[in-house]
Amino acid sequence: MRLRDLVRKEVAELAASRAFWLLLLIVGLLTGQSFITAMNAYAEASGIGGGAVALPQGLSPLDGILTPTLGVYDLAITLLFPFVAIRLVANEKSSDALKLMLQWPASIERQIAAKAISLIGAWVVSLVPFGIALGLWRAYGGHLHAPEVLNLLAGYTLRFLLTAAIAMAAAALMSGAANAAIVVLAFTIGTWALDFIAAGRGGIVQTLASFTPGAALRSFERGLFRVDGVLVMLIISLFGFGLAANWLHLGRSIKARMAGTAVLFILAGLGVLNVLMLVRSSFDLSENRRNSFSLADEQALAQIREPLTITPFLSAEDPRMMDFENNVLVKLRRSLPELRVVYPLAGRSGLFENNAHYGEIVYRLGMKTATSRSMTEEIVLETIYELSGVHAPPHEASTYPGYPLAKRPAGAALIFYAVWPAIIITVILSRRSRRKIHKTAV
Amino acid sequence: MTLEVTHLSARRGARQVLADVSFTANRGEILGVIGPNGAGKTTLFECVAGVLPFDGGKIDSDLLFYVPDAIRPWPDQTVRWTLTLTARMFATQFDSALLDDLDLVALQHATVRSLSKGEAKRLDIAVGLASPRTVLLLDEPFDGLDLRQTRQVMEILRRDAAKGRTLVLSIHQLSDAARACDRFLLLDHGRSVAEGTLNELTSRTGAEGLEEVFLALT
């Protein structure tokens, strides 16, 4: 049987689902609200109100427009899309249609693949409001950097795929749609908890937490394409789809399905382990190279062969620690493969730390150590160059010009709050009335 | 021989639901599986169709298709969509004469969800007939149908069997079973108690009619 026929069937099922149309309606409204708010804030930072204008270099469309607008989709992926994905499996289980499908001359794996493809199609359709926002932004004269946009979309698509896979696995494993929804929400909350617990802790917990959907998404939002993150998300997604197919084989004994789960778990575990050990490459796709040092500094750092250990005496939620993590350690991890960061403090807030060294950052390279309290990139690099004996290159000023745009989002409210809902509601009503006509005819 | 089941057994937890069940169904015949509630008729069908696991035994069969009892597959889709889908999934053309035969023409654009019990049953039978498989297992094909519809469906099934398809029907109404089937498999507590034509069963038990056979053997 052709995969195309199976996909056609799944698309028809999605189109018949009221949940999907409601999702489109809500996503459109929320995207509009986010975009309009972001545009107004961006216009004000660009000096539209006559107040102080922010430094142009600080005005990046990635931070100011793209990330907040697409951020709505994180909400949709967490709270709305799981129900659409669960419905695709749970309805067929509860109506016993699955028993018919298991007898079709198409393996259940192929059928799950068709469901995944149709869900990706649904995801692409749901991105139409974001596409409208991008179009409006360009029409207002806004700037876009294609690699940033594509990277961000890739991140959200992977996040969507992961959620769809977990939702389908939960629907296959659990006895009803409500139970499956609880499992998916528990998974999401679990990853949030891991993210929270692991912040500033170091070790394997922090490594694992860097692959949670939330953490992975943050990398994409910074314009960073982490190959390891992408591979881990793909492996977990495949694991989820595999799990769904395994548990929908109703003709297999529970023992056989448990064995199948174990095999999938081992394969996924080995895959993730291999990625963690072997894959380190990442690409800075941000236009302002926010995840990288200057090229001269990268070349200078590449000369350091010895492992560098950095011990920040700062608690996880100290804003200085967050700045240090986001502005310096991210870049150092990309430039120094032999970097080790030790997090010596257990407290989260730092309010009750009674450590004489609190606020210090200790650098150790071979037998040499240095201590500093500064978290700025320049001082950190200077400290590392002094320890290593590598000659510091001359400072290069950023060439990123920044893209201020002092314009209000004229017409956006009409499109997102009137035209989009009108289109979706018209489709919903026309589908309903078509059914009513048939019922009356009967 | 189009379907041969030998020594089939299945457990659900600690409960033995099928024990050493053996039977055959020949090309072009209608085999009725009868038995009291809980005898294991549906479990037998689902094991044979491969949608439930079984613990032991052997199933030799041509390609078969099983339609469960009282299902409303894809409730948001229309009757026509469901039948067209079934035919397409088996790479055959949907024969719209099926809609005529089963009085579904007026309902073809109605959603499956909106069908009454009897209408949904006619759709289930149509789904089975839309498949080109040479062995068709229908669970309770007359349940929910009125007398006229029951006779009409019997007639359709007879015609289908005459074309060479083997039909295995699970039926709890013995009067319907007696009218519709060529041979019978009597199940009780997961065991096959008897198999044969009505004449064979009555001469074996000395009973008159299928109901008497049922009462004598279960």
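Reader: How many residues of chain A and chain B are in contact, and what makes two residues count as "in contact"?

Author: In this predicted model, 24 residues of chain A are in contact with 28 residues of chain B. On the side of chain A that touches chain B, the elements giving two or more residues are helix H1 (3–15), helix H5 (97–101) and helix H17 (412–441). The largest share, four residues, comes from H1(A). By kind, that side of chain A divides into ten nonpolar, six polar and eight charged residues.

Reader: Which buried residues of helix H2 of chain B pack against other elements, and against which ones?

Author: The buried residues of helix H2 (79–89) of chain B are B:Val79, B:Thr82, B:Leu83, B:Leu85, B:Thr86 and B:Met89. They pack against H1 of chain A, together with helix H3 (97–101) and helix H4 (117–130) of chain B.

Reader: How do you know on which side of H2(B) these residues lie?

Author: They cover an arc of only 155° around the axis, so they are on the same side of H2(B). An α-helix has 3.6 residues a turn, so residues three or four places apart point the same way. Following H2(B) comes B:Ala91, with a positive phi near 55°.

Reader: Why is B:Ile171 called buried?

Author: A residue is buried if 20 or more other C-beta atoms lie within 10 Å of its own. B:Ile171 has 24 of them, so it is called buried. Its place is the loop between strand S7 (166–170) and helix H6 (174–180) of chain B. Beyond its neighbours within four places in sequence, B:Ile171 is in contact with B:Gly32, B:Ile34, B:Glu140, B:Phe142, B:Asp176, B:Ala177 and B:Ala180.

Reader: And why is A:Thr67 called buried?

Author: The count for A:Thr67 is 22 other C-beta atoms within 10 Å. The cut-off is 20 or more, so A:Thr67 is buried. This residue sits in helix H3 of chain A. Setting aside neighbours within four places in sequence, A:Thr67 is in contact with A:Leu62 and A:Glu221.

Reader: What is said of A:Glu221 and the helix it belongs to?

Author: A:Glu221 is one of the buried residues of helix H11 (213–221) of chain A, along with A:Pro213, A:Ala216, A:Leu217, A:Ser219 and A:Phe220. The buried residues of H11(A) pack against helix H3 (61–79), H8, helix H9 (177–198), strand S1 (224–226) and helix H12 (227–248) of chain A. Just after H11(A), A:Gly223 has a positive phi of about 85°.

Reader: Which residues touch the most other members of the largest nonpolar core?

Author: That core has 154 residues, and those touching the most other members are A:Ala164, A:Ala167, A:Met168, A:Ala171, A:Ala244 and B:Leu137. Helix H8 (146–173) of chain A gives the most to this core, with 15 residues. Not counting residues up to four places away in sequence, A:Met168 touches A:Ala85, A:Val89, A:Ile112, A:Lys115, A:Gly240, A:Phe241 and A:Ala244.

Reader: What confidence does the predictor give to the complex and to chain B?

Author: The complex receives an ipTM of 0.95 and a pTM of 0.90. For chain B, the mean pLDDT is 94, and 100% of its residues reach 70 or more.

Note on methods. Residues are numbered from 1 along each chain as its sequence is written. Chains are lettered from A and ligands numbered from 1 in the order in which they are written. This is a predicted model: local features need pLDDT of at least 70, side-chain atom pairs count only at pLDDT 80 or more; totals for chains, interfaces and linings use all residues. Two residues are in contact if their C-beta atoms, placed from the backbone, lie within 7 Å. Ala, Val, Leu, Ile, Met, Phe, Trp, Tyr, Cys and Pro count as nonpolar, Asp, Glu, Lys and Arg as charged, and the others, Gly among them, as polar. A nonpolar core is a set of buried Ala, Val, Leu, Ile, Met, Phe, Trp, Tyr and Cys residues joined through C-beta atoms within 7 Å. A residue is buried if 20 or more other C-beta atoms lie within 10 Å of its own, exposed if 12 or fewer, and partly exposed in between; C-beta atoms are placed from the backbone. pLDDT is the predictor's confidence in each residue, from 0 to 100. The arc is that of the directions from the helix axis to the C-beta atoms.
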